[in-house]
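Biologist: Please bring up the model so that we can go through it together.

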Amino acid sequence: NTASIEGVRGLVFDVHGYSGTDWHNDGSDFIQWGYRLSKDSLDQSAENNCPIDITSSSTRGSFTHARQMPGESLECLVRGPKSLGQRFNDQLPLSLASSETCGRGLPSLDYQDPKAVASDPTYCADNDGVCSYYSGGYDVKVHERMDWDNDPTFSGIHMNTVQAELPRCIRFATDEVHEEVGDKLSIALCSFMTDLFGSDIC
């Protein structure tokens, strides 16, 4: 490909579930998308923090390869109109439509600032006033660096990685909801990769 950082035309999708009991509704309803960017990094109220690219080094976040491709930016990839979070929002299964937030992406174009949402008493029930946001863990980090053990400079081949933390309102739903969510997630992921890498990827 034409990226300035050598990378793989693909995406590692790491799926987890979280209880989110510090949030309202017996657990947060949001799908928390993690790109190894903390909620402070995504804080839109912080000076010079929007777009994210201004304060993010070339190896920050889990899209080090994708963000270097022509016409791409970390801001758009993470919370723009074609981000994974927003793509799923736009494909939202009808079975989740009755809930205001179940399955909505954080971050996404609709919910761009995880710190603002996690600090909003409308959603957060934590006594300290700030709820948990899962920004991406060990698997997302090590699988992005294809030769991470022997490449401390992170200059080698990269894979694009993302973590999705699924909420209780999805995980404890019916089999029919699981099937529909799986179908819509696959559409969001495939359309994201097709736009990024070309029509032969899915």
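Biologist: Where is the place of Pro 81?
Modeller: Pro 81 sits in the loop between α1 and α2, where helices are DSSP runs of H or I with at least four residues, strands are E runs of at least two, and both are numbered from the N terminus. This is a predicted model, in which local features need pLDDT of at least 70 and side-chain atom pairs count only at pLDDT 80 or more, while totals for chains, interfaces and linings use all residues. Residues are numbered from 1 along each chain as its sequence is written, and side-chain values use heavy atoms, with hydrogens and water left out.

Biologist: And what does Pro 81 touch, not counting residues up to four places away in sequence?
Modeller: With that exclusion, Pro 81 is in contact (heavy atoms within 4.5 Å) with Gln 86, Asp 90 and Leu 109. The C-alpha atoms of Pro 81 and Ser 108 are 7.4 Å apart in space, although 27 residues separate the two in sequence.

Biologist: Let's zoom out. How many helices and strands are there in the protein chain?
Modeller: The protein chain has six helices and four strands, and from the N terminus on the order is β-β-α-α-β-α-α-β-α-α. Of its 202 residues, 47% are buried, and among contacts between residues at least 6 apart in sequence, 69% join residues at least 24 apart.

Biologist: Back to specifics: which residues line the largest pocket?
Modeller: The lining is made up of Gly 71, Glu 72, Ser 73, Cys 76, Leu 77, Pro 81, Lys 82, Arg 87, Phe 192, Asp 195 and Leu 196. Two or more of these residues come from each of α1 (74–79) and α6 (175–197), with α6 giving the largest share, three residues. A pocket here is an open set of points on a 1 Å grid over the protein atoms alone, where a 1.4 Å probe fits and protein lies on both sides within 12 Å along at least five of seven lines, and lining residues have an atom within 4 Å of a point.

Biologist: How much space lies in the largest pocket?
Modeller: About 160 Å³, where the volume is the space filled by probe spheres set on the grid points, which are joined across faces, edges and corners.

Biologist: Which residues have the most contacts inside the largest nonpolar core?
Modeller: Trp 33 and Phe 63 do, in a core of 41 residues, meaning a set of buried Ala, Val, Leu, Ile, Met, Phe, Trp, Tyr and Cys residues joined through side-chain atoms within 4.5 Å. Helix α6 gives the most to this core, with nine residues.

Biologist: Last topic: which peptide bond is cis?
Modeller: The bond from Leu 106 to Pro 107 is cis, with omega near 5°, and Pro 107 lies in the loop between β3 (105–106) and α3. Separately, Arg 36, in the loop between β2 and α1, has a positive phi of about 60° although it is not a glycine. Most residues other than glycine have a negative phi, and most peptide bonds are trans.

Terms used. Buried < 20%, exposed > 50% of the residue type's maximum accessible area, 1.4 Å probe, protein only.
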